[in-house]
Amino acid sequence: MHQQSHASRKRLAAALAGIALLLGSVLALPSAPATADSTYLCSGYQACADQGYPHAGYRGNSATMYWQMYGGHNCTNYAAYRMVRSGMPNKRPWSGEGNASNWGVAMKHITDQTPTVGAIAWWKANVPGAGSSGHVAYVEQVVSSTTIVVSEDSWGGDFHWRTITKEGRGWPSGFIHFNDKVLAPTAPPSIVGTPKVGTPVTATQGTWNPAGNYAYQWAAGGVAVPGATASTFTPTAAVKGKKLSVTVTATKKGYAAGTASASTASVVAPGTMVNAEAPVISGTPQVDEVLQVSLGTWTPTPEIRRVRWFADGTEIPDATGWSLALTQALIDKRITARVSVKATAYETVAVTTAATAPVLAGVISTPTPFTLAGKAAYGKVLTVRPGTVDPVDATARYTWLRDGVAVAGANGPSYEIGAADVGHRLEARVDLARSSYRSLAVPLPAPGVVTTRATVTATAVGRPGRAVVRVRVRAPGVDAPTGEVTVLVGTRSVPAQVVGGRARVVVPGLTAGRKPVRVRFLGTEVVKPGKARTHVRVLRP
């Protein structure tokens with residue numbers, strides 16, 4: 001049947017040649033059946049099926065176009081159908097002409113001279129066994145390296161099974177291995193490394209049978225990463241929080257490409273900043289000098305940069321600049337700085353510098369001491385008498401303190417004692433300072449508490465055989481003095497207590513007549529003693 005229809009098919013193919021130039025790769029032209037020295041085993045869908053030579057379901061699907069080939073009796077549509085049925089997508093694996101003659105040309109990378117079951121037998125145009133459009137058939141059996149059995153359909157002809165021998169003139173030009181010779185992994189690929197931003201991970205290709213050439217495509221979250229086609233991939237900020245996968249494609253001439261994939265168990269974690277050069281403190285560790293700290297060298301470049309300063313390991317309040325002025329409080333302490341950096345998709349990293357030597361300071365001395373002159377009493381003046389200072393250009397600052405608390409505005413070498421100071425302890429402090437030296441505080445306490453003197457007044461009223469004496473005690477700085485008072489009328493003496501600055505004393509057993517009254521306030525630690533005199537006329541009983 002194949003030989004009988006050959007002439008008519010050649011005429012039809014020639015007529016359609018011009019159309020092929022217009023149709024290009026949109027539709028494949030029907031291909032003429034092969035003419036070859038071969039033995040037909042059966043012809044027709046039903047006849048072949050009855051003899052045990054199936055058509056693989058093509059009879060019911062022949063009207064459908066596979067790989068953009070013409071439906072019906074057509075060698076290319078039948079061969080494409082068998083490939084789709086074997087698992088390939090219904091999309092032509094190449095672009096361009098679909099005639100049978102072009103199959104082996106377009107797919108030369110998987111075309112060889114070795115017949116295998118499931119391969120497509122291919123004939124070039126105008127060779128023995130094919131017409132001007134070539135021919136393709138499906139290899140059903142490989143009896144030997146020189147004998148094969150194919151199934152085929154033919155444009156203008158019918159469905160056949162036939163045996164072809166290499167000794168004949170119609171042996172195929174080649175065999176296209178779309179998916180019968182597929183590179184397959186015997187051990188899957190894997191991903192080596194922890195998925196972190198900025199840290200490379202590497203794909204192993206796995207092992208394949210047979211070995212081939214390998215290409216890689218990385219994906220994040222199931223989406224291919226453009227340009228990530230090397231065996232090593234460095235995750236970027238864009239893939240943080242996504243799982244990585246890699247697809248390894250193995251290729252080898254004469255084999256369909258094989259693919260295998262591997263994925264990470266965890267998502268891409270934030271990266272770790274790399275510190276190539278650590279931050280360093282520069283400057284002289286001496287009081288009144290200024291230290292500087294460098295950023296260091298980081299990968300990637302930090303977007304956020306912070307610094308904290310420490311003295312003997314304790315954070316210095318509000319010290320957050322890239323320089324630090326060394327104050328008196330930092331003398332003898334070792335200074336460190338902690339530099340913190342961060343970039344998008346990277347964890348914050350902090351590096352602490354090496355400690356400086358202890359902060360140095362010169363020593364101020366007073367060969368001749370300062371002294372305090374004056375009496376700690378209300379209305380008196382206390383004065384600081386300066387001594388000598390080494391170095392001589394050290395400056396002195398005066399502070400007056402009341403019970404240890406600085407008195408506002410009292411910053412001169414002299415201090416006049418007022419009512420507010422009564423009952424309190426006063427002290428002068430001389431603060432000596434010079435650049436690069438440790439400041440020296442010279443305390444000059446006044447002895448004891450500030451005292452005040454009592455003012456005593458008395459009034460006396462005579463009664464029969466007695467006198468009533470009223471005593472009033474006042475003292476600057478003391479609102480209501482208390483203490484003991486003695487009242488003497490004539491020769492009679494009566495003690496009493498002053499409460500709230502007042503006392504009422506009755507002196508009994510007096511004879512009539514005019515008598516002197518003497519009052520004596522005995523005083524306290526703060527209020528000094530005071531006296532008063534008056535007279536009283538005692539009446540007869």
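Predicted model: local features only at pLDDT ≥ 70, side-chain atom pairs only at ≥ 80, totals over all residues.
Along its principal axes, the C-alpha trace spans about 180 × 60 × 40 Å. In terms of secondary structure, the chain contains five helices and 47 strands. Of its residues, 43% count as buried, and the exposed surface comes to about 26400 Å², with carbon and sulfur atoms supplying 53% of that area. If we take the contacts with a separation of 6 or more, residues 24 or more positions apart account for 60% of them. As for charge, there are 54 positive and 29 negative charges, and their mean positions lie 19 Å apart.

Let me now turn to helix H4, which covers residues 75–85. Nine of its 11 residues are buried, so H4 is largely enclosed by the rest of the structure. The buried residues include Cys 75, Asn 77, Tyr 78, Tyr 81 and Arg 82. What covers the buried residues of H4 includes helix H3 and helix H5, the latter being residues 100–106, together with strands E3, E4 and E5. After H4 comes Gly 87, whose phi is positive, near 120 degrees.

That brings me to the aromatic rings. A pair of aromatic rings is described by the distance of the centres and the angle of the planes. In this model the count comes to 17 aromatic pairs. One of them is formed by Tyr 58 and Tyr 78, an edge-to-face pair with 5.2 Å from centre to centre and 80 degrees between the planes. This pair links distant parts of the chain, since Tyr 58 belongs to helix H3, residues 58–61, while Tyr 78 belongs to H4, and the two are 20 residues apart. Tyr 58 counts as buried, at 0% relative accessibility, and Tyr 78 is likewise buried, with a relative accessible area of 0%.

A second pair takes us back to the opening question. The ring centres of Tyr 70 and Trp 155 are 6.5 Å apart and their planes stand at 45 degrees, so this pair is tilted.

Finally, I would like to move to another part of the chain, and to Asp 421, which sits in the loop between strand E35, residues 414–416, and strand E36, residues 426–433. Although it is in a loop, Asp 421 is buried, with a relative accessible area of 1%. Where does Asp 421 make its contacts, if we leave out residues up to four places away in sequence? Asp 421 touches Arg 402, Tyr 415, Glu 416, Leu 426 and Val 450.

Notes. Residues numbered from 1 in each chain as written. Heavy atoms only, no water. Helix = DSSP H or I, 4+ residues; strand = E, 2+ residues; numbered from the N terminus. Buried < 20%, exposed > 50% of the residue type's maximum accessible area, 1.4 Å probe, protein only. Contact = heavy atoms within 4.5 Å. Areas by Shrake-Rupley, 256 points an atom, 1.4 Å probe, with all protein chains shown as cover. Lys, Arg positive; Asp, Glu negative; His and termini not counted. Charge placed at Lys NZ, Arg CZ, Asp CG, Glu CD. Phe/Tyr/Trp six-rings, centres within 6.5 Å; stacked < 30°, edge-to-face > 60°.
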